[in-house]
Amino acid sequence: MITINELFAWVLNQFSTQWIAIITAIAGFLVWKSDHAKLIVETDKVAHSVAGILLDDGRSLINQEHSMQHLVMWMINPSANDISFFDLRVALDTGEADYYTPIKFSNANDLKNVSAEGLIPIKDGLVSNGLIAVSLPKANYGTVPAHGFVQLDLVFHADKISDNNMVVMKLAQPHNLWSRLRHCRIAPRWLHPKMGYPFSETKEVALSFQVKELEKLNRLD
């Protein structure tokens with residue numbers, strides 16, 4: 001029968017002879033865990049002009065003064081935890097663009113209790129056949145569920161062709177081991193973060209895109 005001392009000696013011998021493989025395995029796991037704890041964010045490289053937004057009550061939002069642009073954004077969460085994003089912004093050369101959300105559909109513009117059904121395509125200044133499915137952001141923040149996928153359609157107005165435009169957002173990042181230790185209740189007071197230190201780390205993501213066309217719906221005189 002193997003004694004405790006013999007078992008301990010065997011474990012110690014295995015570690016001393018295979019420590020490189022053990023450290024490599026641990027490092028590989030940490031890299032894998034880190035990669036799978038991040039939100040993957042992508043956007044179209046070029047925004048496309050649309051004629052307007054079709055509402056579910058049959059009406060349409062058409063703006064003939066400015067070109068309405070459509071940019072698709074995808075977020076993939078490969079991790080086992082929900083990941084939140086916030087402060088979603090569209091920054092153009094001319095300033096920050098005010099993209100459409102359901103909040104804009106209110107009593108103030110006689111659009112209460114309506115929602116976007118789809119986007120109306122445009123071709124040569126005229127309404128084109130078909131309809132583009134749309135999923136407007138509910139707000140400038142949200143959550144991507146674990147092992148989930150979210151598509152957002154950013155619809156905004158642009159008056160200028162430009163290359164240096166950005167979609168900017170902040171992501172909530174999970175704590176690493178050191179951060180968790182600092183925030184732990186049993187950690188000594190001197191180890192705690194200073195006043196005002198946010199509990200969740202954040203990371204800003206900026207993705208570039210271009211506005212190459214400025215089609216507008218022709219006025220009907």
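Select asparagine 113 to begin: this residue sits in the loop between β6 (95-97) and β7 (116-123), where strands (E, at least two residues) and helices (H or I, at least four) are DSSP runs numbered from the N terminus. The model is predicted, so local features need pLDDT of at least 70 and side-chain atom pairs count only at pLDDT 80 or more, while totals for chains, interfaces and linings use all residues. Residues are numbered from 1 along each chain as its sequence is written, and side-chain values use heavy atoms, with hydrogens and water left out.

**Backbone stops**

Asparagine 113 has a positive phi near 65 degrees, in a residue other than glycine. With a relative accessible area of 71%, asparagine 113 is exposed (buried means under 20%, exposed over 50%, and partly exposed in between, with a 1.4 Å probe and protein chains only).

Next, select aspartate 87, in strand β5 (residues 83-92). Its phi is also positive, about 55 degrees, although aspartate 87 is not a glycine. Aspartate 87 counts as partly exposed, at 25% relative accessibility.

**Surface patch**

Now select Ile40, Ile76 and Phe149, which form a nonpolar patch on the surface with about 270 Å² of accessible area together. Patches are made of residues with over 30% relative accessible area and no salt bridge; like charges are joined within 9 Å, and nonpolar side chains (Val, Leu, Ile, Met, Phe, Trp, Tyr) within 5 Å. A salt bridge is a side-chain nitrogen of Lys or Arg within 4 Å of a carboxyl oxygen of Asp or Glu. Areas come from the Shrake-Rupley method with a 1.4 Å probe; for residues, only the protein chains shown count as cover. Isoleucine 40 belongs to strand β1 (residues 40-43) and is partly exposed, at 41% relative accessible area.

On a 1 Å grid over the protein atoms alone, a cavity is a set of points where a 1.4 Å probe fits but cannot get out; a pocket is an open set with protein on both sides within 12 Å along at least five of seven lines, and lining residues have an atom within 4 Å of a point.

Finally, turn to the second largest pocket, with about 150 Å³ of space. Elements giving two or more residues to its lining are β9 (142-144) and β10 (148-158). Residues to select there include Phe85, Tyr141 and Leu152.

Key. Points joined across faces, edges and corners; volume = space filled by probe spheres on them.
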